[in-house]
Amino acid sequence: MPLTPETEAMLKEAAASGMRPYQDLSVEEARAQIRKVFAQRGPGEPVAHVENRTIPGPAGEIPVRVYRPDGSPPFPTLVYFHGSGFVIADLDTHDPICRSLTNSSGCALVSVDYRLAPEHPYPAAPEDCYAATQWVAEHGSEIGADGSRIAVGGDSAGGNLAAVVALMARERGGPPIEAQILIYPVTDHNFTTPSYRDNAEGYGLGAGTMRWFWGHYLANEADGAEPYASPLRASDLSGLPPAHVVTAEYDPLRDEGEAYAERLKQAGVRTTSVRYNGVVHGFFGAMNQIPDAREAIATTAAALQKALHA
């Protein structure tokens with residue numbers, strides 16, 4: 001189907017604002033631009049409790065932001081990893097998404113400010129995210145979280161990290177994870193899919209930007225073949241947590257996200273896969289502009305509630 005009118009308006013607004021392709025920017029310029037883009041979307045919803053703190057990580061303290069809804073703890077908890085190519089974005093850019101998911105699911109949420117590339121290339125990010133998930137499982141009571149009811153999730157690069165943490169937990173003997181929430185996830189270091197070809201330019205995230213992201217994330221291109229970088233290349237996906245996968249029609253990452261969902265299903269993992277037509281990569285965070293974003297958040301929250309028995 002064609003772009004939704006709201007999506008088309010959002011793309012035109014971005015073009016008129018002078019937003020430049022990320023591959024034409026330095027890393028610092030790209031980080032400044034993404035902060036501006038998210039700030040223009042407006043503030044997030046009020047949440048009953050929000051707390052910034054740090055937790056131990058493999059290379060020092062990891063900043064996290066804890067969100068809790070109304071009610072009495074402990075809450076089932078989503079450990080959330082923000083997107084934006086492993087290179088840009090932070091706790092603040094994804095604050096509105098985290099607030100909406102907390103309120104709509106009734107779950108607590110721990111947003112993880114993992115180390116970014118190129119200063120900290122692969123596998124720094126997945127190791128931080130795994131360590132944060134372990135900490136929530138073992139010390140959740142300190143933040144009102146139920147460490148026995150944990151899901152992992154994220155958008156784009158964060159979806160990659162959620163899928164990888166699920167793999168790590170299976171292979172490293174825990175912690176137990178009840179669900180993985182994968183929002184238009186990066187799952188393969190591969191630029192040859194039909195969705196990459198059809199959506200290479202003109203729909204926000206482009207093929208050139210994804211090449212730029214991967215180029216900064218990987219210290220060595222050969223690392224892109226490793227399952228902890230490209231979970232679609234894992235030889236065995238059995239025994240993983242149930243998955244909820246969201247994709248967008250006009251997104252270079254559409255095909256790899258749907259291919260991962262299909263691989264999970266084939267491996268016997270209970271998986272729901274929902275494609276939103278007429279929208280682009282990043283729509284999930286545009287809840288003030290795109291009606292489909294609000295629906296996607298509600299559907300994702302319902303999947304989270306079901307998985308965690310919230």
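The questions and answers below explain the terms applied to this predicted model.

Q: How are the residues numbered, and which parts of the predicted model count?
A: Residues are numbered from 1 along each chain as its sequence is written. In this predicted model local features need pLDDT of at least 70, side-chain atom pairs count only at pLDDT 80 or more, and totals for chains, interfaces and linings use all residues, while side-chain values use heavy atoms, without hydrogens and water.

Q: Why is cysteine 107 called buried?
A: Buried means under 20% relative accessible area, exposed means over 50%, and partly exposed lies in between, with a 1.4 Å probe and protein chains only. Cysteine 107 has a relative accessible area of 0%, so this residue is buried.

Q: Why does cysteine 129 count as buried?
A: Cysteine 129 has 0% relative accessibility, and therefore counts as buried.

Q: Why is histidine 216 called partly exposed?
A: The relative accessibility of histidine 216 is 22%, so this residue counts as partly exposed. Histidine 216 has its place in helix α7; helices (H or I, at least four residues) and strands (E, at least two) are DSSP runs, numbered from the N terminus. The C-alpha atoms of histidine 216 and proline 118 are separated by 4.9 Å, although these residues are 98 residues apart along the chain.

Q: How do you know how many disulfides the structure holds?
A: A disulfide is a pair of cysteine sulfur atoms within 2.5 Å. The structure holds zero disulfides. Cysteine 107 is in no disulfide, and the nearest cysteine sulfur, in cysteine 98, is 13 Å away.

Q: What makes β3 and β5 a pair of strands?
A: Two strands pair if DSSP finds at least two bridges between them. Strand β3 (residues 75-81) and β5 have six bridges and pair in the parallel sense. Phenylalanine 81 stands opposite glycine 154 in β5.

Q: Which bridges join β3 to β4, and β5 to β6?
A: β3 and strand β4 (residues 108-112) run parallel and are joined by five bridges. In this pairing, leucine 78 stands opposite leucine 109 in β4. β5 and β6 also pair in the parallel sense, over five bridges, and the bridge partner of valine 152 is glutamine 180 in β6.

Q: What makes β3 and β5 mostly covered?
A: In β3, seven of its seven residues are buried. In strand β5 (residues 145-155), nine of its 11 residues are buried.

Q: What makes a crossover right-handed, and where is one found?
A: A crossover is right-handed if, with the strands pointing away from the viewer, the path from the first strand over the helix to the second runs clockwise. β5, helix α5 (residues 157-171) and β6 make a right-handed β-α-β unit.

Q: What makes the largest pocket a pocket, and what is its volume?
A: On a 1 Å grid over the protein atoms alone, a pocket is an open set of points with protein on both sides within 12 Å along at least five of seven lines, whereas in a cavity a 1.4 Å probe fits but cannot get out; lining residues have an atom within 4 Å of a point. A volume is the space filled by probe spheres set on the points, which are joined across faces, edges and corners. The largest pocket has a volume of about 980 Å³. Its lining has 42 residues, and the closest to its centre are Ala14, Met19, Tyr22, Gly204 and Leu205.

Q: How is the lining of the largest pocket divided by class?
A: Ala, Val, Leu, Ile, Met, Phe, Trp, Tyr, Cys and Pro count as nonpolar, Asp, Glu, Lys and Arg as charged, and the others, Gly among them, as polar. The lining of the largest pocket has 20 nonpolar, 17 polar and five charged residues.

Q: How many cavities of 30 Å³ or more does the structure hold, and what lines the largest cavity?
A: The structure holds one cavity of 30 Å³ or more. The largest cavity has a volume of about 50 Å³, and its lining includes Phe38, Arg41 and Met287. That lining divides into four nonpolar, five polar and one charged residue.
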